[in-house]
Amino acid sequence: MKGGGRVDKIRKAFGERTYEKGLGYFKEGRVGDMVVDGNKVTGKVIGSTDKPYNVMLTWGKKVSSTCSCPVGEMCKHGAALALAFLSNDIERVDLEKMRREIDRLDDKEAKGLLAECMTKEPKLIRLLQAMDDGPRVERALSRLDRSFTNARCFGLVVSSYDEVDLAVKDARRWKGKGADKDRVELVLKISEELLDHIDDGWDEYDDEGIYEAAHSCTALLRDSLKTITEDDLLRLLERLIDLNEKDEYDIGTAEMLDIVAARIDPEVMMSVLDRFGSEPNLDS
Ligand SMILES: [Zn+2]
């Protein structure tokens, strides 16, 4: 093994006796499932029983470890994991590298990969079932709130903003089945207000505030479609098409349209577009 100085660091941190035992475990190949996330390392180490111990290691200025064994910390299992971490021969998942690779995937590829992971490891489905949108929606709402506060700082004085402000406060309490629908209504309402405001006269000082608020709306919409029914999606699409036609300054209604359209079955989508395309003929 390379890195004598780093091995000494382990020896010093764990003490000679524990280090020697850990070295024995490491050489016997008892370390597995190693995951490295920056300076945090986790792994499983097979001890005296069949069931491996879960070990966590922090590799900083100081080396420290915790473990599910009776000793609990700075044990031989920790020393074994530390040695495995330094070794070039032990397989590991590098989380930082993995995140970069996942970042490169597009939506469809990422979803395909997720489904494949769950097929190979059915227990993972529980992660999906346990997923709660609450924190994400809360982030989008906070952002919306902030952008309206900023908009005021930019001298944007619109009476309806207070109304919107109240609506955002309300939105925090929306939970359960109808919450997404209410949030989508809020997004539409704010977008309408913003477009009306622009209609009343464009002021370059408003620029930043409006775009920021619109951006927050788009983010909120993205996170609020989970429980929307296909029928409501279609109605939403129609209203967005209307809004988009008024949106001369491109405050983001086109992006909203894309987000909603991606949720709609392509065949249904075609018929909606047909209907919109043929509307003038029907009127005449
Ligand atoms: Zn241990």
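## The β1-β2 hairpin

Strands β1 and β2 form a hairpin with two residues between them, and Gly38 in the turn has a positive phi of about 65 degrees. The model described here is predicted. β1 covers residues 31-37 and β2 covers residues 40-45; the two run antiparallel and are joined by five bridges. Within this pairing, Val35 is placed opposite Thr42 of β2.

Asp33 belongs to strand β1. Its phi is positive, about 50 degrees, although Asp33 is not a glycine. Asp33 counts as partly exposed because it has 14 C-beta neighbours inside 10 Å, and the cut-offs are 20 or more for a buried residue and 12 or fewer for an exposed one.

Strands of a sheet pair through backbone hydrogen bonds, in either a parallel or an antiparallel arrangement.

On one side of the sheet order, β1 and β5 run parallel and are joined by two bridges. Val35 stands opposite Val93 in β5, and Val35 also faces Thr42 in β2. At the β4 end, β3 (residues 53-59) and β4 run antiparallel, with five bridges between them. Trp59 is opposite Val63 in β4.

Thr66 lies in strand β4. With 18 C-beta neighbours inside 10 Å, Thr66 is classed as partly exposed. Thr66 and Gly78 are 12 residues apart along the chain, and their C-alpha atoms are separated by 6.9 Å.

Met74 is in the loop between β4 and α3 (76-86). Its phi is near 45 degrees, a positive value in a residue other than glycine. Met74 has 17 other C-beta atoms within 10 Å and is therefore partly exposed.

## Nonpolar cores

The largest nonpolar core has 26 residues, of which Val187, Leu194, Cys217 and Leu220 touch the most other members. Two or more residues come from each of α7 (134-153), α9 (179-199), α10 (207-222), α11 (230-246) and α12 (253-261). The largest contribution is that of α10, with seven residues. Nonpolar side chains tend to be buried together in soluble globular proteins.

Cys217 is in contact with Leu144, Val187, Ile190, Ser191 and Gly252, leaving aside its neighbours within four places in sequence. Another core lies apart from the largest one; it has 23 residues, among them Val31, Cys67, Cys75 and Leu83.

Arg263 is placed in the loop between α12 and α13 (266-283). Arg263 is partly exposed, since 14 other C-beta atoms lie within 10 Å. Leaving aside neighbours within four places in sequence, the contacts of Arg263 are with Leu225 and Leu233. Arg263 is also 9.6 Å from Lys226, C-alpha to C-alpha, across 37 residues of sequence.

## Overall composition and confidence

The protein has 13 helices and five strands. Of its 284 residues, 26% are buried. Among contacts with a separation of 6 or more, 61% are between residues 24 or more positions apart.

The mean pLDDT is 81, and 80% of the residues reach 70 or more. In residues 153-159 the pLDDT is below 50, and this stretch has nine contacts in the model beyond near neighbours in sequence. Residues 278-284 also have pLDDT under 50, with zero contacts beyond four places in sequence. Where pLDDT is low, the predicted coordinates should not be read in detail.

Definitions and conventions. Residues are numbered from 1 along each chain as its sequence is written. A nonpolar core is a set of buried Ala, Val, Leu, Ile, Met, Phe, Trp, Tyr and Cys residues joined through C-beta atoms within 7 Å. Helices (H or I, at least four residues) and strands (E, at least two) are DSSP runs, numbered from the N terminus. Two residues are in contact if their C-beta atoms, placed from the backbone, lie within 7 Å. Two strands pair if DSSP finds at least two bridges between them. pLDDT is the predictor's confidence in each residue, from 0 to 100.
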